[in-house]
Structures are given as structure tokens and as C-alpha cells.
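Reader: I have a structure to get through and I'm new to it. Can you take my questions as they come?
Author: Go ahead.

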Amino acid sequence: MTALPSPRRRTLLAAPLAAATACGAPADTDSTRTTDSDASGSSGDKSRPVPRTQPGIATAQPAHVLLLAHDLSPARPSVRDVRRVLSDWWTDHASRPVPGVTPTVALGPALHRKLGLTAPPRLKDLPSFPHDRLEPRHGGGDVLVQLCGPSAAACDRAAARIAARATGVLVPRWRQPGFLPPRPTGETPRNLFGFKDGTQNPTTDELTRWIWHDDGSTFLVYRRIHMHTDTFTTLPTTHQEQIIGRHRTTGAPLGAHHEHDPVNLYAKTPQGRYHIPTDAHIRLAHSRLDGGARMLRRGYSYDNNTHDHGLLFLAYLRDPALFTRVQERLAADDAMNPFIEHRASAVAHVLPAPPPGKPLGDQLH
Ligand code: HEM
């Protein structure tokens, strides 16, 4: 029997088709760009200067991450103090890097207010979502640093340097290590449910359009998502695959054969059911429902103790409002919901890399 989507789901299914028809083109081509600043990417014009971007975003994902969040010290440091710390971090890393470790620095929504500066307009606290079980002490923060490196020890060494340079200006708020399981070079990593995670990410060309602003800045959304791996992984494989919308072994979308085959949201089985169910994770998260707008997911697994492991969801995107739209759909309908719990959250503005010879932090004014 045909699986009939609920009225709300019918809207979701119909929306991209309507957009495509109205414009006479698929929803993810230039001609469908809307005037909505949330959904519009930059032009991808090849004559534009290449944005100066921080490393650790579009660069390959090393096996370990350490996330560090700081608050301004209660001693009420000045803008100059904060600039000095950012600049020291940048020059320190340039002159004597911890081998293989890449720092990426981002500023949280409250920092500008505390310093009396104007925050980028898109930098706002995320709303709360249904089912959130957030632990505020383990989220938020004025200054975030993502350290990616070849080992936990290397990330720890880099973190010690970061802390030493921040003394008196920033105080630690939370830290969170993460890892990727070993995998053959070039293969998409698997998450703790055993599924390939990161398949449908923007290509290098798409990054210019959807991730970077012209000045090389972007935004980071972080969610620590607990995963009930015991319950999920004991489901029959086909059930797991219906929840995700992809095959577990190959990573191919349901109804297709290879990992990078296109996701066809409209394909049906001979019995008239959607191959990718109406509540499957990849259907609800699909960019067609956002006028083609993309995010770059750069997640890591985490294992804090026997009771808490899951996904460090790290997404880079031009506007955190895209995350909000996707997460609203997921929180409402995702078949994965009974198996996950969002426990920590942060959002931050990722500064552009400074011009050669200039320190990071000059942009803070
Ligand atoms: C523990 C929580 C989560 C798990 C285990 C998970 C897992 C997956 C998997 C296995 C895929 C398919 C492979 C791929 O394209 O990477 C996927 C796709 C995706 N996920 Fe998640 N995800 C989680 C949370 C989220 C959240 C919170 C968001 C954003 C709000 C999100 C956004 C996406 C997007 C945009 C895609 C690509 C969809 C497409 O266009 O095909 N995911 N996720």
C-alpha cells in the first residue's frame, strides 16, 4: 500500500517541487536563488577573490578533535586584551605549531555585548527545540576553539598553549574531546550507529557559495548529541536503514546502489512507497527543503563515560538560521528522535583568516 504522508509532510514533499516548477529549474541551481538572505548563497563567481578562511573547516578531518570554550574573565578585560589573546594564539601557532594540530577560532553571541561591540547580525543564540535536554554548563561560550589533530595527546598539548596565552583574559567554560574511528584513506567516517556520516556534504565549489562569506568568515553550530546506540543497533538492519534513509553497508541512499548516487526523494518502490520514508533523517534534512542551502557537517564521535557517548555535530554554514530550520523539521518528525538526545549547544562566528602579516582579532572592533 502507498505510504501516505501526513498533511505536514505532504507540504515538505511538495515544497521543493513547487519551487522548481515556479522557476522552471531544479531547486538547487543559481536561477532559484531567493532574495531571502538566509537561503541565498553567494554567486560562486570565479572572478571573486578567494576568501581568506581559517583552517580546520574545509581541510581534511584528522582523527581527533578537542573543543574548548571560554568566557571572558570576571576581571572584565578590554577589547584590546581579547585581541591580544587571539593574536597570540595565531602567531604562536604560525611560529611553533604543535605538529599536525589545527586551531579554528570562533566568537560566541555574548562576547560582543560584553565588550560593547556590535555582533554580526546573524549571530544569535539558537532557539530551544522540542526534546532538547541541554546542559547549559557544557554549552555556549564567548570564545570557542576547535583543535583538530592526529592524536588526543597532540590536541591536549595545543590546548595547554591556548590556555597559557589566555590567562587573565579568558576563563575555561567547557571542553569536549572527540574522535573518528580508523578508516581507509578517503572513506567517509562512520558514526556510532555504524552509518557513514558526512556523505552528502558540499563540494569545494559549493563551499564558496554556501559556507563562506566573501570576507572568509562563516558560522559554527555545535550540538553534543547523545546516541542510544544499544537500542538502535539491535534493531533489524532494514529498520535502521529506514530511519536514516541510507543503506548501512554502502551508504547508498535507499533505492540506489552507490554511496554518492543522488538522493531521489520522489523515487518509489513498485508497491508505490517512497524508497526514502517520509520520516527518514536524510529526507527531512535534505537541502531541497531549504531552497538548496547547504551546511558543511564535520562531525566527530565522543565517548565521555559508560553512560554518555554520541555525536559531536559540528556544522559550518553561512547562516545559523539554516540549522534552525533543519533542526525544527528533525525535532518534529525525524524517525531517529527516539534514539538521540541533544545535550549541549553552541553557536559562534568564525572569523576570517587575517591578511598575511596581520594578526587574528583585528576584525574585532
Ligand atoms: C546523532 C545525531 C545524528 C546522526 C546520527 C546523524 C546521521 C546522519 C547520517 C548517517 C546521514 C547520511 C549520510 C550523510 O549524508 O552524511 C546524515 C545526513 C544528514 N544530516 Fe544528520 N545526523 C544527526 C544529526 C543531525 C542534525 C542535528 C542535523 C542538522 C540539524 C543533521 C543534518 C544532516 C544533513 C543536512 C544531512 C544530509 C542530508 C542529505 O541531503 O542527504 N543531522 N546524518
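Author: One term before anything else: a residue is buried if 20 or more other C-beta atoms lie within 10 Å of its own, exposed if 12 or fewer, and partly exposed in between, with C-beta atoms placed from the backbone. This is a predicted model, in which local features need pLDDT of at least 70, side-chain atom pairs count only at pLDDT 80 or more, and totals for chains, interfaces and linings use all residues. Residues are numbered from 1 along each chain as its sequence is written.

Reader: OK. Is Arg76 buried or exposed?
Author: Arg76 counts as exposed, because it has 9 C-beta neighbours inside 10 Å. It also has a positive phi of about 55° although it is not a glycine.

Reader: Where does Arg76 sit?
Author: In the loop between strand 1 (64-72) and helix 2. Helices (H or I, at least four residues) and strands (E, at least two) are DSSP runs, numbered from the N terminus.

Reader: How many helices and strands does the chain have?
Author: There are 9 helices and 9 strands. Buried residues make up 41% of the 365 residues in the chain.

Reader: Back to helix 2. Which of its residues are buried?
Author: Val82, Val85, Leu86, Trp89, Trp90 and His93. They are on the same side of helix 2, because they cover an arc of only 125° around the axis. The arc is that of the directions from the helix axis to the C-beta atoms.

Reader: What's on the face of helix 2 turned away from its buried side?
Author: That face carries the exposed residues Arg80, Ala94 and Ser95. As for the buried residues of helix 2, their cover includes strand 2 (102-107), helix 3 (109-115), helix 4 (152-166) and strand 4 (170-179). Cover here is counted by contact: two residues are in contact if their C-beta atoms, placed from the backbone, lie within 7 Å.

Reader: And helix 4, which residues are buried there?
Author: Ala154, Cys155, Ala158, Ala159, Ile162 and Ala166. These cover an arc of only 135° around the axis, so they lie on the same side of helix 4. On the other side, Ala153, Ala160 and Ala164 are exposed.

Reader: What do the buried residues of helix 4 pack against?
Author: They pack against strand 1, helix 2, strand 2, strand 3 and strand 4. Just after helix 4, Gly168 takes a positive phi of about 85°.

Reader: What does Leu220 touch?
Author: Not counting residues up to four places away in sequence, Leu220 touches Ala106, Leu144, Leu314, Tyr316, Val347, Ala348 and Val350.

Reader: Now the ligand. Which residues come nearest?
Author: Phe195, Thr199, Gln200, Ile225 and Ala285, out of 29 residues around the ligand. A residue is near a molecule or strand if its C-beta atom, placed from the backbone, lies within 6 Å of it.

Reader: Which element gives the largest share of that shell?
Author: Helix 9, with 4 residues. In helix 9 (320-333), the buried residues are Pro320, Leu322, Phe323, Val326, Gln327, Leu330 and Asp333.

Reader: What is Lys196 in contact with?
Author: Leaving aside its neighbours within four places in sequence, Lys196 is in contact with Thr188, Arg190, Gly251 and Glu259. Lys196 and Glu259 are 63 residues apart along the chain, and their C-alpha atoms are separated by 8.9 Å.
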